[in-house]
Each structure stands twice: as structure tokens, then as C-alpha cells.
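I opened my notebook to get to know this model, a few spots at a time. Here is what I looked up.

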Amino acid sequence: MSLPVLVVVMVAATLAGAAAQRRWHGGAEVASRGAMSLLLTWVLPVVYLVLVSRVHVDVTLLSGLAAGYVTMALCGTAAWFVAARVLRLPPPTVGAVILAVIVANTGYFGLPLVRTVLGGDELGPAVAWDSLVAGPMFFVAAFAVGAAFGTDRSAAAASGADAEERAELAAGDRLREFLRNPLLWAALAGLLLPWDAPRWAGEIAQDVVVAVLPVGFFVVGVQLAAQRGADGAAFRGGGLGAAVGLVVLLRLVAAPLVVVGLSLAFLDLPSGILLQAAAPSGLNGMLVSHRFGLDPRPVAASIVLTTTIMTLGVAIVTAVG
């Protein structure tokens, strides 16, 4: 699939998801969640196992994964400092800004983009980043941010629990979700396998990575339309422009620059990892914002803007050569 076709499919799937949500409302959300559950439980774990098993695990790859954690820690801290201390945004908005920075769409956007732009040989390192960096950042770090900055929408708050009990429940939620993540275990199994998956299996897995892209962006369209329906000012509001601008700066500029800088100075990282470092804000950030009562507007707006900028940027670079 060429890059222009990839872009057309992304846009069409997003618009289809938005139209489905407006037409069927809750039914579209239930269907999209079912499709995501099917992919995450039965399809993508096999794909991740196959692709990661074909990756040569060495110091460079492990250093690249470590660089991912360092980068997200630096960018997440910067997001907190600027949003809270400089922009003086309320805590639910600060938490949302942090989520939009540290939770990236390395799966449904990053992997097809790597396959299309860089080729199948770079998919293995990209999958390793998605499952071993982006996955824990969602299931552990994002849930911690939600618990720290969220309002009283959590299950513990609804039951009348105090702050300490809510923190304990949030920690339990994080641990359970982390341990139940099949992509993480599939990637780890792929790393530990003493043999590589057959070449034909790798080629099929590469095709599946691209084939699931419409499903991912259909879900994005459903969720964005649902958010806009719930709040007509989903993409407006005091301080929102500055907050989203901060996300764009950290997510699309600072994060990739840190990883590229480390690569040039010390690591010589695979191109698949470098491209994953510049992935746009991910839908999972919006799911966490709803779960913990954060302000969903910065996350929703950041998903749209960073995905658009990243897509146009890659298209321009590819066209120039």
C-alpha cells in the first residue's frame, strides 16, 4: 500500500466511524469496542509474536527501548511543568495534556506507516517499541496520571472511598490491566523464542498490520464523534490552544529529537524505532481521560492535529525524496 492510499484509507475510516456514531450512537461504540477486543485478543498477539521473533535482539535494540522510556519521562515531566506551572491549567486539563504526550498511536498508525514508508524489515523493531514501550506507558504510566490528576469519576470515588483507597484501587487497576495485556506477553514470547518465525509467516503478519488500520481509525472516528456529541465545545475552550500547542511541540518535535539525538550520539537505532518515536497522540489517552474524569478536549484535539501534521510531514518528506 502506497502512502497516498494509506492516507485515503485513514481519512475514510475516520469519517465512516464518525458517521456510524451519529447514526447509531451507542451501538457504534459497542461495535467498535468489540472489533478492538477481537483484534487485541486474537489477531494482533499472533502478529506481534511472529514479527518480534524475527528481530535480532542486541544491545542496540534494548538501548532503543530504554531510550523510549527516558524520552517519555522527560517529555511527560515537561508537559506537567509547563501545563501546571506556566499555563496554570486546572489539574484535569494538566493530566490530559500529559496523556496526549506520553500515549502515542504506535499501533494502528505507527506500524502501518513503518510498513509503508520503511518496509517490512523495520517492522520488528517498531513492534518491539509499540509493545514494550508504548504498551507499558499506557497501562502503567497513563493510569497513574489519571489517578493523580482525575476527578471523582473513578469506581472508588463512586463508592465513597477516600483518597488513599482511590489510589490503592487505581494501582490495582494498573497492575491488572498491565498483566492482562496480550500484546505485551506476545512480544516477550517473541523475544524469548529460540527460533525465528518462517518468512511466509512474517510476510502475512506485515500484511495484517496494514489491514487492521481501517479498524483502528474507524474507532478513532467513533470516539471523536462521541466526544463532540457529548460536549459541543470539544475543540474549544480557554487555554485549549496553548495546551494542544504544547502537546504538538513535545509529541512531534521534542520526543523524536531526543531519540534521534541519542541515536546519532550513541546508539545508531533502527529507523522503525525512530519513526515510532514521532507517532501522534493515541486514542487510548482519551479512554483514560474518560475513565478518571480528566478534561478530554486536549486529548481529542491533539489526536486530530498531531495525526494530521505527522501524516502531512511524512508525505512531504517522502515526496521530496
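**Helices 1 and 2**

I began with helix 1 (residues 3-24) and helix 2 (residues 26-53), whose axes come within 6 Å and cross at roughly 135°. Axes here are lines fitted to C-alpha atoms, for helices over the stretch in contact, with angles from 0 to 180 degrees between N-to-C directions. Helices are DSSP runs of H or I with at least four residues, numbered from the N terminus.

I then noted who meets whom: Ala20, Gln21 and Trp24 of helix 1 touch Gly26, Gly27, Ala28 and Glu29 of helix 2 (contact is heavy atoms within 4.5 Å).

**How I read the model**

This is a predicted model, where local features need pLDDT of at least 70 and side-chain atom pairs 80 or more, while totals for chains, interfaces and linings use all residues. Residues are numbered from 1 along each chain as its sequence is written, and side-chain values use heavy atoms, leaving out hydrogens and water.

**Thr71**

Is Thr71 buried or exposed? I found Thr71 in helix 3 (residues 59-86), and its 0% relative accessibility counts as buried (under 20% relative accessible area; exposed is over 50%, partly exposed in between, with a 1.4 Å probe and protein chains only). Leaving aside residues up to four places away in sequence, Thr71 touches Ala255, Val258 and Val259.

**Helix 6**

In helix 6 (residues 123-149), 22 of the 27 residues are buried.

**Helix 14**

Buried residues in helix 14 (residues 283-292) include Leu283, Met286 and Phe292. Gly293 follows helix 14 with a positive phi, near 75°.

Note on methods: Helices (H or I, at least four residues) and strands (E, at least two) are DSSP runs, numbered from the N terminus.
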